[in-house]
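Please look over the sequence and the structure before reading on.

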Amino acid sequence: MAKRRNLILGGLAATAAMASGIGARAQAFPTKPIRFIVPFAAGGNADVTARLAGEGMSRKLGQPVLVDNRPGAGGVVGQELVLQAPPDGYTMVIAAFGTLYVSPLMAGKPSMVPSFAPVSMLSTVPMIVVVPANSRFTDFQSLLAAAKAKPGTISMGHAGNGTPNHTDILRLQENEKVSFSIVPYRGSGVGLNDVLAGQIDSYVDQLSSSLPHLQSGKLRALVVIGEKRTPELPNVPTLAEVGCTPFDGGTTLGVFVRQDTPAPIIATLNAAAVAALDDPAIKQKFVDLGATVRPSTPEGFAAFMKTEEAGIGDLAKKGLLKPE
């Protein structure tokens with residue numbers, strides 16, 4: 001009995017020591033530079049967002065946050081690199097629901113959402129519906145009415161299949177029981193050129209890329225695909241304000257790590273991200289880009305992801321969003 005008791009006590013002591021060691025490592029985190037993977041090319045929205053956030057996070061963490069661009073397959077290539085790294089918090093990725101769920105879906109792969117732990121949201125670039133300045137549609141209600149009267153005759157462009165621009169149109173169609181003539185492009189630049197030239201009736205775009213054309217008077221915004229008006233376009237109504245079912249259609253980027261990363265490390269990274277977004281200089285840079293800073297708790301970010309999955313996942317279940 002005494003021998004058995006000593007073995008048990010010894011095992012408990014070993015377990016306690018192991019737990020203490022893990023706790024000590026978590027408390028000491030970080031002790032070396034952190035790799036921040038951007039699964040897109042340099043210069044885009046995700047890249048700029050990661051560099052701004054990483055700059056602030058490095059000051060809070062006391063270690064460099066090194067941006068590493070690994071583009072490919074709509075974000076899948078960079079995200080898979082994170083899953084190959086140890087779950088120790090030293091490899092992060094900037095991603096969105098679309099890159100974790102929609103991009104793999106379009107490639108015929110399973111969702112990557114379960115493989116990642118949300119750390120914090122960073123920012124949202126609002127999505128809007130724009131028309132040429134001389135368009136006969138003076139508001140979103142008139143565009144919807146025309147599309148309902150003659151289904152499939154009102155054209156609406158987007159930046160590519162599987163992009164948030166695309167899924168926003170699909171959700172609009174489902175929610176409002178309307179059918180547009182959907183025109184896919186390879187990026188916003190070409191699509192914006194066509195709507196500016198009046199080749200298509202309307203276009204769903206990120207505020208950041210359309211804003212210069214709105215400010216010059218060449219385009220007109222009809223509605224913000226979101227729950228709040230955007231400060232840059234204070235007179236443009238939201239979906240709810242025009243009588244439509246509201247949803248958060250903007251491009252929301254955030255920080256993720258591997259799902260099995262220890263909670264204390266995630267908490268440390270979250271505190272650094274929130275502190276970075278609270279920096280007035282960094283916050284102003286986001287505003288200049290047409291983005292809204294959106295710090296969150298890991299739990300709040302996870303809840304947001306569930307809401308996105310309910311809306312966009314429904315499109316996949318109905319066969320409206322499928323592999324190409």
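## Terms and basis

Helices (H or I, at least four residues) and strands (E, at least two) are DSSP runs, numbered from the N terminus. The model is predicted: local features need pLDDT of at least 70, side-chain atom pairs count only at pLDDT 80 or more, and totals for chains, interfaces and linings use all residues. Residues are numbered from 1 along each chain as its sequence is written, and side-chain values use heavy atoms, with hydrogens and water left out.

Buried means under 20% relative accessible area, exposed over 50%, and partly exposed in between (1.4 Å probe, protein chains only). Contact means heavy atoms within 4.5 Å.

## Helix 4

Helix 4 covers residues 97–106; ten of its ten residues are buried, so the helix is largely enclosed by the rest of the structure. Among them are Phe97, Tyr101 and Met106. The buried residues pack against helix 3 (76–84), strand 3 (91–95), strand 4, strand 10 (251–258) and helix 11 (298–317).

## Thr91 in strand 3

Thr91 lies in strand 3. Its relative accessibility is 10%, so Thr91 counts as buried. Apart from neighbours within four places in sequence, Thr91 is in contact with Arg35, Ile37, Val82, Ala85 and Val257.

## Helix 8

In helix 8 (residues 207–215), the buried residues include Leu207, Ser210, Leu211 and Leu214. Viewed down the axis of helix 8, its buried residues fall within an arc of 125°, so they line one face of the helix. That arc is taken from the directions from the helix axis to the C-beta atoms.

The cover over these residues includes strand 4 (116–125), helix 7 (188–196) and strand 9 (219–224). Just after helix 8, Gly217 has a positive phi of about 85°.
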